[in-house]
2 protein chains.
Amino acid sequence: MKFRNFKMIGYVIYGRGSFNQLDEILAPNRKGEAPVVFLVDHFFRDKEAFVSRIPLRGKDELIFADVTNEPKTKYVDEIAGRLKAAFGSVSGIIGIGGGSTMDLAKAVSLMMTNPGSSADYQGWDLVKHPGVYKVGIPTLSGTGAEVSRTTVLTGPAKKLGMNSDFTPFDQIVLDPELIKNAPVNQRFYTGMDCYIHCIESLEGTYLNAFSKSYGEKALELCREIFLEKDNWDDDSDDKLMMASYAGGMSIAYSQVGVAHAVSYGLSYLLGTKHGVGNCIVFDHLEEFYPTGVKEFKKMTEKYQVAIPQNITKGLTDEQFDAMINVAFGLAPLWENALGKDWQKIMTREKLRTLYEKL
Amino acid sequence: MKFRNFKMIGYVIYGRGSFNQLDEILAPNRKGEAPVVFLVDHFFRDKEAFVSRIPLRGKDELIFADVTNEPKTKYVDEIAGRLKAAFGSVSGIIGIGGGSTMDLAKAVSLMMTNPGSSADYQGWDLVKHPGVYKVGIPTLSGTGAEVSRTTVLTGPAKKLGMNSDFTPFDQIVLDPELIKNAPVNQRFYTGMDCYIHCIESLEGTYLNAFSKSYGEKALELCREIFLEKDNWDDDSDDKLMMASYAGGMSIAYSQVGVAHAVSYGLSYLLGTKHGVGNCIVFDHLEEFYPTGVKEFKKMTEKYQVAIPQNITKGLTDEQFDAMINVAFGLAPLWENALGKDWQKIMTREKLRTLYEKL
């Protein structure tokens with residue numbers, strides 16, 4: 001049995017207002033005149049009070065990233081190509097936003113130094129060279145993308161990450177003030193991404209004491225803020241940010257499970273956003289995660305979030321097949337959830353029935 | 001208010017038997033013919049079954065480190081000097097042992113590339129150059145030295161660490177099998193180091209949500225293994241190893257407190273080992289940590305460990321003064337424990353009375 005040697009992010013800064021230290025953090029990482037490129041979630045396009053705090057210097061560039069859809073390999077290649085044409089090389093890529101922006105920033109950083117298309121690197125340990133210096137600054141918490149060794153991308157053939165030791169950020173800035181004004185539904189869906197992956201990780205077969213300690217802490221924090229507390233305050237933001245970090249770390253020696261695998265299919269075919277897709281699927285997974293699903297339903301009730309229904313209605317056989325193929329492409333997730341014999345438990349027919357319910 | 005930008009260790013591998021992957025982990029870090037140097041706690045001198053598993057290659061050297069006393073700057077300088085004279089440079093320094101060996105390995109790595117004596121770097125951010133590649137492999141858990149940014153050393157003038165961003169390990173190997181055969185008392189004292197620093201960190205004034213989440217997890221694990229469980233088994237080792245890691249991480253945005261400050265004085269003057277010293281002091285700190293001390297006494301009772309008493313009996317005024325000076329040199333610890341006005345609360349007289357009780 002071989003254990004994964006887990007690459008950590010380089011630096012973490014955590015604290016209310018720590019975003020104000022960004023200029024100082026970047027300074028020693030600037031390489032002469034080469035600009036720092038800020039990839040900022042387009043949600044902030046008209047939020048001038050925030051945008052004016054981004055420490056642009058010299059030839060630095062600010063790009064509002066279109067994350068209406070989750071990042072595509074084409075979009076990654078386009079941004080990296082444009083930056084290479086304009087500057088040759090850059091000092092660093094700074095992602096400011098939710099999980100999609102984090103992933104986009106990691107992917108663009110890698111494509112500044114690796115030849116070809118990002119689609120060539122969708123998989124495990126295919127990336128050849130370290131990317132340029134990269135920083136992740138979440139403005140939505142829950143995905144764990146700030147600490148993960150992947151960057152989920154939709155390519156021409158698959159939805160799969162660039163998993164590698166070169167993928168984690170060199171620096172993350174965890175400032176709970178930045179997630180304060182997230183839209184309530186968005187915050188819920190992203191928070192549930194964390195909750196769901198804790199359940200999947202803690203009930204999975206891959207778990208060990210390292211991942212368990214992180215997963216339990218993240219779950220406890222999610223329960224506290226989404227179930228026990230009666231209002232959302234600064235303390236909730238502080239804890240959600242830590243839950244996301246700990247939830248992400250728990251993946252070191254575990255895996256997500258059924259909800260994530262099935263949700264990837266929805267996302268690939270219908271463009272369903274990851275957080276929403278997970279909720280749509282998890283809502284129907286009593287068979288696999290009875291306690292977790294019950295608790296999840298309590299949280300949706302408390303937050304009065306209406307999980308979308310009937311989104312697969314009217315799809316063709318080909319379309320169902322496409323989703324099933326994507327979901328079954330994620331063998332480690334199924335093995336973690338259902339054990340080595342997962343294929344006997346989750347057949348194509350059974351998965352089709354599940355997709356039809358969604 | 002400024003937040004610390006916390007440097008993480010490079011890689012973590014956690015798992016029973018992960019020590020067997022050490023050869024593979026070192027391979028890409030070997031620089032031509034330059035040897036890897038293994039600094040191994042002298043406790044293992046006659047443990048051939050273990051020593052034979054250390055993956056020596058080529059000119060690699062194995063040094064049994066004398067950690068009868070906690071590491072001194074002189075000892076660090078001597079080892080680094082000898083290695084530089086023999087090899088010029090080395091591929092890496094691998095520390096295998098308890099907290100003293102971890103600290104020794106970190107310090108020797110730094111002194112392979114920094115001029116002068118390690119005593120010149122006792123303090124905060126004085127180290128100028130990255131050390132050589134360094135790996136920490138704990139065979140005792142509790143100190144948190146495997147993740148810390150310091151390396152506590154006794155120098156000619158003070159007991160103080162080389163605190164810097166260059167200090168953390170590039171790699172740690174957390175294999176719970178390695179702590180299985182630790183002597184019971186030693187395991188207790190080292191485990192209590194973790195317990196005590198969790199209490200000091202969680203009850204300190206510096207705490208934030210990041211450190212709290214780690215501290216709470218570590219404390220929960222300590223309680224489970226030292227209080228709730230009735231026998232010590234593999235699961236206890238798994239959890240103690242994680243408690244030590246999480247306890248160490250919790251120090252990122254917190255500090256230890258009264259027990260550590262007072263214990264440093266004992267250690268400086270009498271050579272009292274850190275874990276034992278903490279226990280001797282903590283046993284008398286009801287005033288500052290009432291609940292923690294009560295719980296601590298339950299654990300000592302359960303483990304039938306007799307905490308040494310009257311170790312300061314017969315000391316001279318000069319000797320008491322020396323301990324008081326060392327303890328008061330650690331202002332951040334006192335400030336964390338007692339707030340900005342700590343000097344009004346803890347006077348020299350009061351501290352002298354405390355030392356006399358020990």
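Which side chains meet in a salt bridge at 2.3 Å, N to O? In this predicted model, the pair consists of K2 of chain B and E24 of chain A, K2(B) and E24(A). The count of salt bridges between chain A and chain B is 4. The rule for polar contacts finds 21 residue pairs across the interface of the two chains, both residues of each pair having a pLDDT of 80 or more. On the side of chain A that touches chain B, the elements giving two or more residues are the strands β1 (6–7) and β2 (11–14), together with the helices α1 (22–26), α6 (209–228) and α7 (234–250). The most is given by α6(A), with 9 residues. By class, this side of chain A has 18 nonpolar, 9 polar and 12 charged residues.

The contact as a whole takes 39 residues from chain A and 39 residues from chain B. About 3,100 Å² is buried between the two chains, and carbon and sulfur atoms give 56% of that area.

Strand β2(A) pairs with strand β1 (residues 6–7) of chain B in the antiparallel sense, over 2 bridges. Within this pairing, Y11(A) has K7(B) of β1(B) as its bridge partner. Both strands belong to an open sheet of 7 strands with mixed pairing, in the order β4(A)-β3(A)-β5(A)-β7(A)-β10(A)-β2(A)-β1(B). The edges of this sheet are formed by β4 (61–65) of chain A and β1 of chain B, each of which pairs on one side only. Strand β2(A) is also joined by 4 bridges to strand β10 (residues 171–174) of chain A, and these two strands run parallel. Here Y14(A) stands opposite L174(A) in β10(A).

Salt bridges are also found within the individual chains. Over all chains, the structure holds 56 salt bridges. In chain A, the side chains of E70(A) and K159(A) meet in one of these, at 3.0 Å from N to O. The pair links distant parts of the chain, with E70(A) in the loop between β4 and α3 (73–87) and K159(A) in strand β9 (residues 159–163), 89 residues apart. Both E70(A) and K159(A) are buried.

A further salt bridge of chain A is formed by E224(A) and K239(A), whose closest N and O atoms are 2.7 Å apart. Because E224(A) lies in helix α6 and K239(A) in helix α7, the pair ties together parts of chain A that are 15 residues apart in sequence. The two residues were also examined for accessibility. K239(A), with a relative accessible area of 12%, is buried. E224(A) and K239(A) are linked with K229(A), D233(A) and D235(A) in a network of salt bridges.

In chain B, R82(B) forms a salt bridge with E61(B), with the closest N and O atoms 3.7 Å apart. This pair likewise links distant parts of its chain, since R82(B) is in helix α3 (residues 73–87) and E61(B) in strand β4 (residues 61–65), 21 residues apart. R82(B) counts as partly exposed at 44% relative accessibility, and E61(B) counts as partly exposed at 24%.

Two further residues of chain B were examined individually. T151(B) lies in the loop between β7 (134–138) and β8 (152–154) of chain B. Its relative accessibility is 0%, and T151(B) therefore counts as buried. The side chain of T151(B) reaches the backbone oxygen of D103(B) at 2.8 Å. With residues up to four places away in sequence not counted, T151(B) touches D103(B), K106(B), A107(B), L160(B), G161(B), M162(B) and T167(B).

S100(B) is placed in helix α4 (residues 99–111) of chain B. With a relative accessible area of 15%, S100(B) is buried. Apart from its neighbours within four places in sequence, S100(B) is in contact with V67(B), E70(B) and P71(B).

Conventions
Residues numbered from 1 in each chain as written. Chains lettered and ligands numbered in written order. Predicted model: local features only at pLDDT ≥ 70, side-chain atom pairs only at ≥ 80, totals over all residues. Heavy atoms only, no water. Buried < 20%, exposed > 50% of the residue type's maximum accessible area, 1.4 Å probe, protein only. Contact = heavy atoms within 4.5 Å. Buried area = accessible area lost by both parts, 1.4 Å probe. Polar contact = N/O pair within 3.5 Å; in protein donor to acceptor, adjacent residues only side chain to side chain. Nonpolar A, V, L, I, M, F, W, Y, C, P; charged D, E, K, R; others polar. Pairing = 2+ DSSP bridges.
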